[in-house]
Every structure is written in structure tokens, then in C-alpha cells.
Number of protein chains: 2
Amino acid sequence: MKETSAVPVAGNGLLGRRYFLKTSASAAIGVSAALLSARASAAQRETWMRVPGSGMSEAGAPSRFETQLKRTAIGAQPGTVGSGASRTPLEHLDGIITPSRLHFERHHNGIPDIDPAQHKLVVHGLVDRPLAFDLESLHRYSQVSRIQFLECSGNSGALIAPQPLKANCSTLHGLISGSEWGGVPLAALLEEAGVQSKARWIVAEGADAAAMARSVPLHKVMDDAIIALYQNGEPLRPANGYPMRLFLPGWEGNASVKWLRSIHVTDQPAMTKDETSKYSDLRDDGIAEQFTFPMGVKSVITSPSPGLKLNEHGIYQVSGLAWSGVGVIRRVEVSADGGVSWADAALDEHVLPKSLTRFRCAWHYRGAPATLLSRATDQAGNVQPTRTALMQGRAPGSIYHCNAIAAWQIDANGEAHHVYV
Amino acid sequence: MKETSAVPVAGNGLLGRRYFLKTSASAAIGVSAALLSARASAAQRETWMRVPGSGMSEAGAPSRFETQLKRTAIGAQPGTVGSGASRTPLEHLDGIITPSRLHFERHHNGIPDIDPAQHKLVVHGLVDRPLAFDLESLHRYSQVSRIQFLECSGNSGALIAPQPLKANCSTLHGLISGSEWGGVPLAALLEEAGVQSKARWIVAEGADAAAMARSVPLHKVMDDAIIALYQNGEPLRPANGYPMRLFLPGWEGNASVKWLRSIHVTDQPAMTKDETSKYSDLRDDGIAEQFTFPMGVKSVITSPSPGLKLNEHGIYQVSGLAWSGVGVIRRVEVSADGGVSWADAALDEHVLPKSLTRFRCAWHYRGAPATLLSRATDQAGNVQPTRTALMQGRAPGSIYHCNAIAAWQIDANGEAHHVYV
């Protein structure tokens, strides 16, 4: 085959977008005349071709062989049932949509069991006409839907540890998911209520037992905030705010308040427990920065990654996700030599604003130890920082907004490990 | 409020994209000081705010209140378990993604229970090197993912009945779903096998008990066909071809052969049972047209529709789906007076090629009987035909490729019914 076309474009075996496989590097399996003949024979067909399959159903399920399709690192804080997190199994997924049942969770006092017929959202405060909306009334307003990411601001916080945690992609980076979010623009509801001229913020409160509440600047609300009713085409699920949640594209997940019951229009932030005791960024000079809402430009390689072994030498796909709270991903680069040289990754067709973007790169794994990194750049020119740069000025334990370049070392056995570079 | 802004743009109450609600038409609920005070009082909070909620889980589920979220019109042909269909509940969904568990099904001998470790795809016939691929080897190739529709060519076939069937949106039109499909471009595998110069077609065969097989022109295969491994971010589900299926963007669903086991490269179509006894289009002159692959430009209003009652007079969202096998949807118009006048609908942000596109229009329902229609136009200028035009030259019982304009009549009680116009 066209061996000369398999030209590396960066160190340690990264290949360009157009390459042809040498037989020795290919993943294809040779086919004998005997195999072809056997497969053409009805008598020798696979077991499952010889009996009728199962029938249609009201709802489908994953294959019984896909046992790894579950949220991981499920942990509640000691003494609580529902204050904690579970993570999306990024290393077993592909594309830019996360199945709703595998969307990450972060709750502060569990998932409330809300009867939608009894739930109301009230808009009040600095408005001319306080208004209430139940689910039926919200459905009468014109909606929008968009594919966007949601990331917990604590995602990847483990990277501030002095030594790299021995953990997989899901455990380290799984507090990020992508969905189609649909609902009513909050601006339309506020226009109807009549926002008064001195209004600058809203305080959004959830109907969970934590009464989670966050202050959000009015300009964001009027820009692209929605009252989300749908996720991935179906009504929100309880773990994601059923029957309605605030959704703030590109901003830290905690501010997209779930189980939304109240929008209080105000002239200043409320300084709730959820934006003072948590979700502020402590610096090493003792100052805590508040309201650092947009999530930074970031990427992570999901495959290969710990737990996904490369079983032989040859060409593999390096695949991962990139995203930025300010808009569109412009570029993702991949390195196989720990950052000495970089190759541009290919981006999948849908490069959408404030959405996950899937990148891919072909890599010839030859068995030598290699260190795989990815580095994203967004439409504003922001480049994902190194871990060293990110740690500058951070206080110990300050885990939020960790968007540093992450690294997997692939050893001579084809196994991947979390390392720092 | 700004009543004068609620200017109709077409007959029977269709409103422009920017409108303000009169109090009388609004869906909002007035708020009393007593309600505000009660909601601010911890003692009077909703039941579910007074107890800790449930904890995190490996996999989430829909709310127990959303009992309508299931595939409908599930039917197997007499004497069979798995030859039949189930339909997506379009009227309870929104956006452009269909949850995988609610994707429509059409099987010809049930769903095989395939062990992925034992499944192989063989590429053979007019190639220099016959090759086999198992799931692990396919995962090493660079993949692509795209959001695209899949429609059974029998969808909406009920519209050829002389009288309109009393049925809901799902039963009539639910053999359409939208997903993110991810996998390996088939062109890459065929290039590796070395397609010979006289090759013109492939014959794709599934590993189900029907050994479903379809002939596909080579030009389509080399253009945008993939061996799909992922749907909506996770591995394919058994009902959609696990562990791998052919996926032909924009073409009739049946040709996207599930449980793919063989690609036979040939110089002519195989004339399988599945493209002669079925999936051909019988004309009234006795000629059966074969290989009419692309799905025509089409739209359907999903809300309001039968079963979704308008409980009062006022402004409602009219929402629906449009799609075309040739590419992008350029325009969707909505009529509330049975086609006398039309208003341009707003399209949601993501207007993607060969994908579902969500459209919306504001409508002031005043209780008079109204007939709601939608009409889509695609990038090639194709306009969705009337039912009368579609029926020209069709033989009785020829149900495939039914993309006619569909109609819902809304009566004075706010109920919707399927009608012909």
C-alpha cells in the first residue's frame, strides 16, 4: 500500500489528515477464501441469524454487552445522601452529545421528586408585574433549542494536586457533558413582567432541599439564558432540573440553577451561601474572586486514556473533546511527545458555539513510551494554559475553573496513565 | 401591554417573530402579594423542599410523571414477533435530537442479540484485498460524527388512504428520528481494500434473522456513508444495529442496513427480496420504480396535534420538524387557514444538512376552527407537495416516500384532528 503517504506531521508518530495505511500498521484483518465461503453458507451463519430476534418495545436499552456505560465516581459527602457528584464516562462515549442518563450530576441536597402540576416559577422583584408560570403556560411561549455544553466549575479540579492522581478520564474530567437544551428565552418572560430601570441582577432559586440560589448579571439573562424544559429532545430529567431549570450557555454549571422556582430581579447580587462558601476562586494573596462565570477554553483526550489499552502496534485514532465558554473552538492541537511538537487535529463537522467540539488525529503507536496532550484555542484567541501557568496565583485547595492542558502517558504495554508534563 | 405589536402576519392569528403579549392573550399567571409571601416562608415551602432528595446514580431516568414518553403504535405482522415497527412520540418531544430509546424501529425479523466479540464485517467482491473488521479494529480508524435524520420510507404512508385516518402525529408520522451518528467513513475502508475499476454498487447485508440486504450505488458510499458505531454519543443500541450499521445520510432508512456483516462490492445491484418485494414505488401504469433513495423535502407540525388540547384562548407556540434528503432546509411556512395564507416560521439555530430542523411560529388561538399546515422548502428549491400532487400517478397501496403537506384541524374545544385539505 501507499506507505510513503503515512508521513508524520509531528513527533512520535502523529499523522496528517490524509494518510494511507501500510499493511503492518492497519487494523484490518486478512480474509481467507474459507472465511468468505463459510459466511456465505446459511448453515454456518452466526447463531443470532438462525433464530428470530426480539420484538419492538416502548423504550430501547443499551446492549447487555456494554456494561461500562454508567456514570462513575459516584460520591456523596459524609452524612448526606444527595450532596455530591457523579461523572460522565467520557472514555466510552464519542461525538458531542451525552446521553441524558449519563449526564454528570452535582447536587447539594439530592434530587427533589417534583410534581409538575404543583410547580410554579415566580418572576418578581424589580418588575412592573410579578408573574407566575407553570409548565403548561411556559409551553405556550416560543422556544429555542441549541446544542451546548454544561461543565461543573469544579471539573478537573484534581489537577491542582501536587502529584498526578492515578485516575481515569471520567474521574478526572467527567463533570462535563453536552446536550441539546431547549426552552423559553428568559428575556421574553422578563419583558412581559417589565424589568425596571434600576435592575442589574437576578437571583435564581431552586426548589431542592438545599434551596440552591445564585446571582446572575442581568446582561447574561437578556443575552442567551433560557428556562430549559427539554434536554436531548425530551423533557428534562429529575437529575437535571425537572420540570424546569435555568440554563446559562458557557457559564459554570452551578449557576444554571435546577428545579427553578424563583427569579428575583434585583439591583445587586444576593451573596447567597452558594456563591460565598463555594464557587468562588481563592487566590494565594487571600482574595476570593467571585462571579467568574464563563468556563475557560479547554480540551481533553478521551481515547486513548487510562483503561483503554492499545493491544498492538499500529495506527490508532486519538479522539477528544474541546470547548470554550466564550464561543466556538477554532483549533485543537495534539502532541505525542509531551509538547515538544504539535499536530493540528481534525474537528468534526459541527463546530457550534459554547458546545462540545470533537477532535481527532491519526497516530502511529510504535510501542515507545509517548505522552499525549491536547491544546485548544477558541474564537477569541484564548489558548488553553499549561498546568504551571494555571497554578500561578492560586491558593491551595482552590479547585474551580481548572482548564489546564492534561496529559496521558502511554507505556510500552499500551496502557495509559495520568501524568503531569 | 404593547397590544399593537401583536400584528398578524397571516390569516387566522399567525403572528410575526417579534410580538408582545396582551394580558388577555398571555399564558402568564397573575401573582398576589400573598403568594409571594407564602413562597418566601420556609414553613410553607413545597413538600419536596423540606426533605433531602434522592442521591446520585449510575444512570438517570425520566420523571415518573412523564408517562407519555414511550414509543407508540407498536405492531408486529401477524405470526411474527419481530417484523414490524414502533414509532417516535413526536408530539411529546422538542428540538432536533431524538432520545435513542425512543428512536423509531422497523425490523424484518426482530433484533438480534449480537456478541460484539464474535461479530465481523467483511468487505469483499470487486476489491484487491478482501478485509474483515471487528469492533476493536474499526475503533482504530478515524471517525466522523454528524447530526442527521433517519426516516423509514414508509413514514406517513397512511396519508394515501382515501379518508384521513383518525390518528395522532406519532402514529401517522413517527417513523422519523434525529440523532448524532458517529462512525468510520466507509470510503476509508474501501480505499484500503482497493476498489476495482468495474465496481459500481455495494450490497450491504445485516446479521439479523431476515438477512436484510440492500444494494447501494458506489457513488453514495464514497460520498458520505459511514459504518456507524455511535448514536447520540454512546455505542449503537441493539434496536439500531449494534454493534455496527451502515448509515446513508438523507436516504430511505431501510438502506442503512443494521447489524452490518457484509459489504459485497459488485458491478450491479443484487435485486434482493428487500428491494423487489418491498421498498419499490408502484405507479398507476404498473411500473415499479426502484432505488428511489433520497427522502423528499417534508415537514410536520408536532404541537399542537391530536391529543394536545389547547385549554384556553390566547397565544400558543406552533412547533414542528422539517427535513430533506438533499441537504439543508431553507424555509418553512405555516398556515392557520388551511393554506389560504402563509407565515414564515422561525428556524432554530442549528439548521444542519440532512438533519431535522425545528421550526416555530406564534399563533393567537381565538377558538374559531382553524386548519394548521406546514410547508418546507429545501436548499435545492424543492417545495413540499400537496397531497393531491403527491397522489398523481401513484398506484393504490403505494405507501413509500409520502412527503405531502399534512393538516391538523383545531376545533372550537381546542382539540386537534387529522384532516385532508
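Biologist: In which loop of chain A is A:Ala211 placed?

Modeller: This is a predicted model, and its local features are read only where pLDDT is at least 70. A:Ala211 sits in the loop between strand 11 (201–206) and strand 12 (213–217) of chain A.

Biologist: What is the phi of A:Ala211?

Modeller: The general idea comes first. Most residues other than glycine have a negative phi, and most peptide bonds are trans. In this structure, A:Ala211 has a phi near 45°, which is positive although the residue is not glycine.

Biologist: Where does A:Asn232 lie, and what is its phi?

Modeller: A:Asn232 is in the loop between strand 13 (226–231) and strand 14 (234–235) of chain A. Its phi is positive, at about 50°, and it is not a glycine either.

Biologist: Is A:Asn232 buried or exposed?

Modeller: Burial is read from a neighbour count: 20 or more other C-beta atoms within 10 Å make a residue buried, and 12 or fewer make it exposed. A:Asn232 has 31 other C-beta atoms within 10 Å, so it is buried. A:Ala211 has 19 C-beta neighbours inside 10 Å and therefore counts as partly exposed.

Biologist: Which peptide bond of chain A is cis, judged by an omega of about 0°?

Modeller: The bond that joins A:Ser303 and A:Pro304 is cis, with omega about 0°. A:Pro304 belongs to the loop between strand 19 (298–303) and strand 20 (314–323) of chain A. In chain B, the bond from B:Ser303 to B:Pro304 is cis too, with omega near 0°. B:Pro304 is in the loop between strand 19 (298–303) and strand 20 (314–323) of chain B.

Biologist: What does the domain assignment of chain A give?

Modeller: The assignment gives domain 1 (116–166 + 175–289) and domain 2 (298–419). Their centres, taken over C-alpha atoms, are separated by 29 Å. Domain 1 of chain A puts 22 residues into the contact, and domain 2 of chain A puts in 21 residues.

Biologist: Which strands each supply at least two residues of the side of domain 1 of chain A that touches domain 2 of chain A?

Modeller: Strand 9 (144–151) and strand 17 (281–282) of chain A do. Strand 9 of chain A gives the most to that side, with 3 residues. By class, the side has 10 nonpolar, 8 polar and 4 charged residues.

Biologist: Which residues have the most contacts inside the largest nonpolar core?

Modeller: That core has 208 residues, and those with the most contacts inside it include A:Trp363 and B:Trp363. Beyond its neighbours within four places in sequence, A:Trp363 is in contact with residues including A:Leu14, A:Ile315 and A:Val318.

Biologist: Is B:Cys361 buried or exposed?

Modeller: B:Cys361 has 28 C-beta neighbours inside 10 Å, so it counts as buried. This residue lies in strand 24 (residues 357–365) of chain B. Not counting residues up to four places away in sequence, B:Cys361 touches B:Leu14, B:Val318 and B:Val334, among others.

Conventions:
Residues are numbered from 1 along each chain as its sequence is written. Chains are lettered from A and ligands numbered from 1 in the order in which they are written. This is a predicted model: local features need pLDDT of at least 70, side-chain atom pairs count only at pLDDT 80 or more; totals for chains, interfaces and linings use all residues. A nonpolar core is a set of buried Ala, Val, Leu, Ile, Met, Phe, Trp, Tyr and Cys residues joined through C-beta atoms within 7 Å. Two residues are in contact if their C-beta atoms, placed from the backbone, lie within 7 Å. Domain bounds come from an automatic or database domain assignment. Helices (H or I, at least four residues) and strands (E, at least two) are DSSP runs, numbered from the N terminus. Ala, Val, Leu, Ile, Met, Phe, Trp, Tyr, Cys and Pro count as nonpolar, Asp, Glu, Lys and Arg as charged, and the others, Gly among them, as polar.
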